[in-house]
Amino acid sequence: MEDEPRYAVLFALNGSEALAVASHHGGPIHLLLTDLAMPGMNGRDLAALMKVMRPDMVVLFMSGYNDSEIERRDALDPGVALLRKPFTLDELARAVREALDRRTA
């Protein structure tokens, strides 16, 4: 039986807290999973600020918005990893693995 991947997870309640957690974390941060729409700071802004601190980090966005709403509100660049809500744990695990694999490819 194949071993399940294990990930160390850093948790933050909002964008500002995520920046603080990242700045105090001594180890690498391989992936940021963030919602596009959040109070105070949207996911695109959080990702941009985090990439300054962690340029090798990949970003996986999630959103419950439809394509036209994402285009209107967030205008994601082509090829950006996006996980649609609602999603299952298997879909989340697959999206995380694919994003991490793209980083190392």
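I began with a working rule: buried means under 20% relative accessible area, exposed over 50%, and partly exposed in between, with a 1.4 Å probe and protein chains only. By that rule D101, at 37% relative accessible area, is partly exposed.

**Entry 1: ground rules.** This is a predicted model, where local features need pLDDT of at least 70, side-chain atom pairs count only at pLDDT 80 or more, and totals for chains, interfaces and linings use all residues. Residues are numbered from 1 along each chain as its sequence is written, and side-chain values use heavy atoms, leaving out hydrogens and water.

**Entry 2: the layout.** I looked up the elements and found four helices and three strands in the protein. Helices (H or I, at least four residues) and strands (E, at least two) are DSSP runs, numbered from the N terminus. Read from that end, they run α-β-α-β-α-β-α. I also noted that 30% of the 105 residues count as buried.

**Entry 3: strand β3.** Opposite A81 in β3 stands L60.

**Entry 4: salt bridges.** Side chains of opposite charge can pair when their charged atoms come close. I used the rule that a salt bridge is a side-chain nitrogen of Lys or Arg within 4 Å of a carboxyl oxygen of Asp or Glu. How many did I get? The count comes to two salt bridges.

One joins K85 and D35, at 2.2 Å from N to O. K85 sits in the loop between β3 (81-84) and α4 (89-104) and D35 in strand β1 (residues 31-35), so this pair ties together parts 50 residues apart in sequence. K85 is partly exposed at 37% relative accessibility, while D35 is buried at 14%.

D101 and R97 form a salt bridge too, their closest N and O atoms being 3.1 Å apart. Both lie in helix α4, four residues apart, about one turn of the helix. R97 is partly exposed, at 34% relative accessibility.

**Entry 5: a charged patch.** Which residues form the negative surface patch? I found D3, E4, D90 and E91 there. Patch residues have over 30% relative accessible area and no salt bridge, with like charges joined within 9 Å; Asp and Glu count as negative. D3 is found in the segment before α1 (15-24) and is exposed, at 71% relative accessibility.

Definitions and conventions:
Patch = residues over 30% accessible without salt bridge, like charges linked within 9 Å, V, L, I, M, F, W, Y side chains within 5 Å. Areas by Shrake-Rupley, 256 points an atom, 1.4 Å probe, with all protein chains shown as cover. Charge placed at Lys NZ, Arg CZ, Asp CG, Glu CD. Pairing = 2+ DSSP bridges.
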